[in-house]
Amino acid sequence: MKPTLKISPSQLEEYRNLKVGNYELWGKTQDDFVAGLTRGFEESAATSRGHAVHAILEGKSASQIITGTTFADDENGLCGEVPTEWHYKIYEPNFNADWLFSDAAYQVIVSNRTPDAAFEVWGFWEGEVSNTNVRMNMRFDALQPCLLHDFKTTGSKKYYRDYLESIQWRCYLMALPEVQTVHYHIFQMPKEAEPNKLIGWCRHEPFTFVRERDNEQRVMVLLEDLIAWAKDDERVWSALKYEPK
């Protein structure tokens with residue numbers, strides 16, 4: 001019976017970064033990659049911020065908090081308090097944190113909602129690679145007919161080239177043969193963004209990637225390389241081995 005490995009698109013993307021030398025630029029090593037496979041996903045302030053933004057994009061309303069008022073006459077000539085400044089608060093349960101957005105930052109996020117999309121859709125791809133069964137589970141941020149949206153938050157400016165060679169969106173297209181286009185939504189915020197600290201600004205940068213003729217081949221080459229390494233390294237094999245529940 002052929003063994004089965006469970007490899008996520010994000011793990012394969014990390015392996016690509018290792019292969020092309022990005023780990024060296026980041027001051028990381030092969031051992032860091034292996035440790036990441038073993039450790040698995042860990043919640044952090046950065047991922048929590050991403051969850052909060054995703055929740056807003058999916059239609060969850062944030063609480064409006066008035067932070068400044070002034071006095072003005074209404075249409076009846078009566079003087080009363082009116083708000084002059086406000087921000088928005090949204091609770092993120094995974095990190096047990098409140099995230100605060102200025103009105104300007106919040107409006108940038110809200111204005112990029114895709115209300116007619118299906119959110120957090122689960123999918124998978126299964127196949128045989130190098131005499132090994134491979135299962136790739138994946139979750140799509142927002143799915144429309146023939147169009148996939150992917151939401152990302154960052155503290156640094158991103159460019160089209162930062163995602164052009166990514167293997168992650170190519171894995172998504174393998175699992176969605178009817179989809180031809182992946183639309184990235186990059187939300188840049190201050191690097192020092194933290195829970196309970198007002199995020200004063202947000203910039204939205206859209207990038208569009210279209211299915212390429214060699215899409216599946218590019219994924220397969222990386223899978224073959226990673227599986228070959230796993231067969232020679234028990235640490236990698238153990239981290240990727242599929243254990244049915």
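Tutor: Y184 has 0% relative accessibility, so Y184 counts as buried (buried means under 20% relative accessible area, exposed over 50%, partly exposed in between, with a 1.4 Å probe and protein chains only). Before we go on: this is a predicted model, where local features need pLDDT of at least 70, side-chain atom pairs count only at pLDDT 80 or more, and totals for chains, interfaces and linings use all residues. Residues are numbered from 1 along each chain as its sequence is written, and side-chain values use heavy atoms, with hydrogens and water left out.

Student: OK. How many aromatic pairs does a search of the whole structure find?
Tutor: The search finds 13. Rings of Phe, Tyr and Trp (its six-membered ring) pair if their centres lie within 6.5 Å; planes under 30 degrees apart count as stacked, over 60 as edge-to-face and the rest as tilted. Y163 and Y184 make an edge-to-face pair, 5.0 Å centre to centre with 65 degrees between the planes.

Student: Where do Y163 and Y184 lie?
Tutor: Y163 is in helix α6 (residues 161-164) and Y184 in strand β8 (residues 181-188), so their pair ties together parts 21 residues apart in sequence. Helices (H or I, at least four residues) and strands (E, at least two) are DSSP runs, numbered from the N terminus.

Student: And what kind of pair do Y184 and F209 form?
Tutor: That one is edge-to-face, at 5.4 Å centre to centre and 75 degrees between the planes. F209 sits in strand β9 (residues 203-210), 25 residues from Y184. F209 is at 2% relative accessibility, so F209 counts as buried.

Student: Which residues form the aromatic cluster?
Tutor: Y160, Y163, W169, Y184, F207 and F209 form one cluster.

Student: New topic. How many residues does the largest nonpolar core have?
Tutor: That core has 43 residues, and I7, L12, F33, W125, L223 and L226 have the most contacts inside it. A nonpolar core is a set of buried Ala, Val, Leu, Ile, Met, Phe, Trp, Tyr and Cys residues joined through side-chain atoms within 4.5 Å. Helix α8 (residues 215-232) gives this core its largest share, eight residues.

Student: What about N215, buried or exposed?
Tutor: N215 has 3% relative accessibility, so N215 counts as buried. N215 lies in helix α8. Setting aside neighbours within four places in sequence, N215 is in contact (heavy atoms within 4.5 Å) with W169, R170, L173 and M174.
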